[in-house]
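Hi everyone, thanks for coming.

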Amino acid sequence: MRTPPLRSLVLFSALASTVIAEFTFTATASQNGKEIPSSELKFVRHEPRRHNHNFLDETEPEAGAQLGKRDITAYGPSWCGASQQLASPEQISSVYGVFTVPNLKLRAGLKAPQNAAAWVGVDGGSCNRALLQAGVTTLIASNGQQITEAWWQWWPSAAYSIPSIPTAPGDWMAVNITIMSATSVNIKMISIQRGYTLVMNATQGAPLCRTDADWIVEDYYDGAGGINMAGFDDIWFEYTAATKVGGATIGVDGGVFWNIQNSAGQLQCSSLKWDNSNVRVRSLM
């Protein structure tokens, strides 16, 4: 397990405001403590990234997992990683995680471009009416060139890439989501090596159930249809934690550990708990 470099969080002073269909958000950004002017803070709208419905197929945990409460291994078409799912009336007030930006390898037998996204989020597992995500996508072309972008989405609304916050394969990204209400959130994204920090406050989004905390590598769909999932170096989610309303903190113990199967039933991606706050996501095939 690798350990990411940690730096102090930096407060923002530049301000930009954007009105987007169903919701409104404001954003501030800085690099190494220096504010980024609002004129340089850009968001690029994309059609909503569709999400295949994941299904639970409960099995015994993978050998080697360090168990607290009994974990659940699940299989689906698009998610690989961990999800902590609360039972009513419990609700999530914040989710945090540090993860590696996907470093891709072309998967044999599949056409390019290929992709993988890594993100921290709320809902989308046991709750399918809304999904809040913030993270990074990597796209790899047939010549091996990789393009990464920081992005976020409050599904079912559109996704937004953030070219003002540069990343590269193998970098570390930190995401902290704080939920003020079902329709009001604060999102903090930090490109650790590059010293960039972005803070967004969004309101009037699709109502969150606040039942799922997610640390996921995803085979996502763009507005035009499917993009093949690439192979990738191991992706680590570290310092994973969620806070419940009332103040209790939880990790991934007793959570759902998603694995991706293709249409032929072959396992393409597996997730393994290292301990209560660290998860390894591994590409297969």
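Cys-127 has a relative accessible area of 3%, so this cysteine is buried; buried here means under 20% relative accessible area, with exposed over 50% and partly exposed in between, using a 1.4 Å probe and protein chains only. Keep in mind that this is a predicted model, where local features need pLDDT of at least 70, side-chain atom pairs count only at pLDDT 80 or more, and totals for chains, interfaces and linings use all residues. Residues are numbered from 1 along each chain as its sequence is written, and side-chain values use heavy atoms, with hydrogens and water left out.

What does Cys-127 form with Cys-209? The two make a disulfide, with sulfur atoms 2.0 Å apart; the term stands for a pair of cysteine sulfur atoms within 2.5 Å. Cys-127 sits in the loop between strand 10 (114-122) and strand 11 (131-140), and Cys-209 in the loop between strand 16 (196-203) and strand 17 (212-218), so the bond ties together parts 82 residues apart in sequence. Strands (E, at least two residues) are DSSP runs, numbered from the N terminus. The S-S torsion of this pair is about 60 degrees, so the disulfide is right-handed.

The structure holds 2 disulfides, so let's turn to Cys-80 and Cys-269, joined with an S to S distance of 2.2 Å. Cys-80 belongs to strand 7 (residues 79-85) and Cys-269 to strand 25 (residues 267-275), distant parts of the chain, 189 residues apart. Here the torsion is about -100 degrees, which means a left-handed disulfide. Cys-80 is buried at 0% relative accessibility, and Cys-269 is buried with a relative accessible area of 0%.

Counting bonded cysteines along the chain, the pattern is 1-4, 2-3.

Terms used
Helices (H or I, at least four residues) and strands (E, at least two) are DSSP runs, numbered from the N terminus.
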